[in-house]
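Subject: Structure handover

Hello,

Here is the structure I promised to pass on. Please open it first, then read my notes below.

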Amino acid sequence: MRPLLYFSDGYPSLSQTFTRREVQALRAAGLLVRVVSLHPPRPIDPPADAERDPPVDVLPRPWEPRVLASLARVALRRTLETARLAALALLPHTTPWHGGFQARALVHLAWAAWVADRVQPCTHL
């Protein structure tokens with residue numbers, strides 16, 4: 001069975017109790033669930049429950065070698081699509097043009113490559 005993949009700002013997080021309960025209920029119902037967290041848990045966040053919480057992958061820094069290696073693998077497999085997405089990321093998204101937003105879009109492309117390289121095909125995202 002393919003897992004259900006959740007993206008969360010932080011997991012487990014004090015402010016994400018609804019999401020955590022939903023994920024735990026889905027696991028209790030027998031579904032495979034994986035979580036990708038944008039940030040590691042903070043000291044004030046509740047600890048993960050090894051039996052009830054799913055495995056959590058925390059996004060690494062975009063310049064880490066494993067992220068860049070994932071981006072290179074995806075670019076080699078899907079060269080035209082990766083080049084098209086990188087070109088779209090560099091297009092102006094704000095008025096006036098703000099280079100920081102374009103740089104963030106490239107970071108998101110690298111993270112997407114890492115996630116795609118790391119997780120197996122999912123039923124739903």
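The protein chain exposes about 8300 Å², by the Shrake-Rupley method with a 1.4 Å probe and, for residues, with only the protein chains shown as cover. Carbon and sulfur atoms supply 64% of that area.

Two notes on the source. This is a predicted model: local features need pLDDT of at least 70, side-chain atom pairs count only at pLDDT 80 or more, and totals for chains, interfaces and linings use all residues. Residues are numbered from 1 along each chain as its sequence is written, and side-chain values use heavy atoms, leaving out hydrogens and water.

The fold: four helices and three strands. These are DSSP runs numbered from the N terminus (helices H or I, at least four residues; strands E, at least two). Their order along the sequence is β-α-β-β-α-α-α. The C-alpha trace spans about 45 × 35 × 25 Å along its principal axes.

The interior: 30% of the 125 residues count as buried (under 20% relative accessible area, 1.4 Å probe, protein chains only). The largest nonpolar core has eight residues: L5, V36, L59, V67, A110, W114, V115 and V119. Such a core is a set of buried Ala, Val, Leu, Ile, Met, Phe, Trp, Tyr and Cys residues joined through side-chain atoms within 4.5 Å. Helix 4 (residues 99-118) gives the largest share of this core, three residues. A second, separate core has six residues, including Y6, Y11, V23 and V35.

Best wishes

Key: Buried < 20%, exposed > 50% of the residue type's maximum accessible area, 1.4 Å probe, protein only.
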